[in-house]
Amino acid sequence: SYDHAPFEAQIEKSCDVADQLDCALFTVVIGNDIPGVTKKDMHAAAIKGLKRVAPMCEKRKKTIIIEPMNPRNHPKHCLYGSADAIAICEAVGSPSVKINWDLYHMQIVEGDLCMKLREGFDHVGYIQLADNPGRHEPGTGEVNYTRVFQEIQDLGYDGYVGLECRPRESDLLAAQRVFDVDQW
């Protein structure tokens with residue numbers, strides 16, 4: 001059994017900060033593996049906690065975005081890939097709990113980016129990206145971001161797309177590469 005009171009208090013504070021920053025989204029990381037606790041039980045505890053705070057977020061017009069990671073960069077994290085993230089969102093059943101759909105992590109964990117994005121699109125709260133390998137800007141790795149950007153638009157996504165990447169050479173060249181791959 002988990003004590004969710006500290007989590008609830010932290011989400012209340014996060015909503016206050018989000019109000020000050022005039023933003024509607026904030027990421028909640030589900031957490032690392034807990035020795036002796038199954039992934040199923042960790043996800044159940046996360047669902048229980050998210051269900052407790054979802055009404056507060058709905059009332060305050062805030063959206064929690066949970067972020068599935070990848071085991072290469074985040075070993076022993078308890079949430080990888082779209083299927084588990086979608087299952088958590090569906091179990092919570094709130095429009096205020098969505099997914100930070102980080103395409104870099106999704107590429108490493110499962111690939112098939114456009115199809116998986118299509119399958120989980122109802123649960124997308126935010127899209128984030130970097131290319132693989134190296135977590136550099138789009139156009140430096142194996143992902144066809146021109147096609148991915150086309151899919152994002154075809155799905156009707158109108159939110160922000162964040163870059164969480166390290167420029168391979170320079171900021172200016174990275175910005176040019178992002179512009180180039182968005183020219184479909």
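Buried residues are those with under 20% relative accessible area, exposed residues those with over 50%, and partly exposed residues those in between, with a 1.4 Å probe and protein chains only. The structure described here is a predicted model, in which local features need pLDDT of at least 70 and side-chain atom pairs count only at pLDDT 80 or more, while totals for chains, interfaces and linings use all residues. Residues are numbered from 1 along each chain as its sequence is written, and side-chain values use heavy atoms, with hydrogens and water left out.

Helices (H or I, at least four residues) and strands (E, at least two) are DSSP runs, numbered from the N terminus. Helix α1, residues 5–21, contains 17 residues and reaches 24 Å from its first C-alpha to its last, close to the 24 Å expected at 1.5 Å a residue, where the expected span is 1.5 Å times one less than the number of residues. Within α1, Ile11, Cys15 and Ala18 are buried. These residues cover an arc of only 65° around the axis, which puts them on the same side of α1; the arc is that of the directions from the helix axis to the C-beta atoms. The face turned away from this buried side carries the exposed residues Pro6, Lys13 and Gln20. Among the elements that cover the buried residues of α1 are β1 (25–28), α2 (39–60) and β2 (63–66), and the helix is followed by aspartate 22, whose phi is positive, near 55°.

Five strands form an open sheet in the order β1-β2-β3-β4-β5, with parallel pairing, two strands being taken as paired if DSSP finds at least two bridges between them. Strands β1 and β5 (161–163) stand at the edges with a single partner strand each, so one side of each is left without a neighbour in the sheet. Neighbouring strands are turned by 35° against each other on average, direction ignored; axes are lines fitted to C-alpha atoms, for helices over the stretch in contact, and angles run from 0 to 180 degrees between N-to-C directions. Helix α1 packs on the sheet, touching β1 and β2, and its direction makes about 150° with that of β1, whereas α2 lies across β1, β2 and β3 (97–102) and runs at about 145° to β2. Contact here means heavy atoms within 4.5 Å.

Phe26 and Val28 form the covered face of β1, while Leu25 and Thr27 lie on the uncovered one. Isoleucine 64 touches, among others, Ile11, Phe26, Val28 and Leu50, when residues up to four places away in sequence are not counted. A nonpolar core is a set of buried Ala, Val, Leu, Ile, Met, Phe, Trp, Tyr and Cys residues joined through side-chain atoms within 4.5 Å. Of the 44 residues in the largest such core, Ile11, Ile64, Ile66, Trp101 and Leu103 touch the most other members, and the largest share, eight residues, comes from α2.

In helix α7 (residues 171–181), the buried residues are Ala174, Arg177, Val178 and Val181. Seen down the axis of α7, these residues fall within an arc of 100°, so they line one face of the helix, and they pack against α6 and β5.
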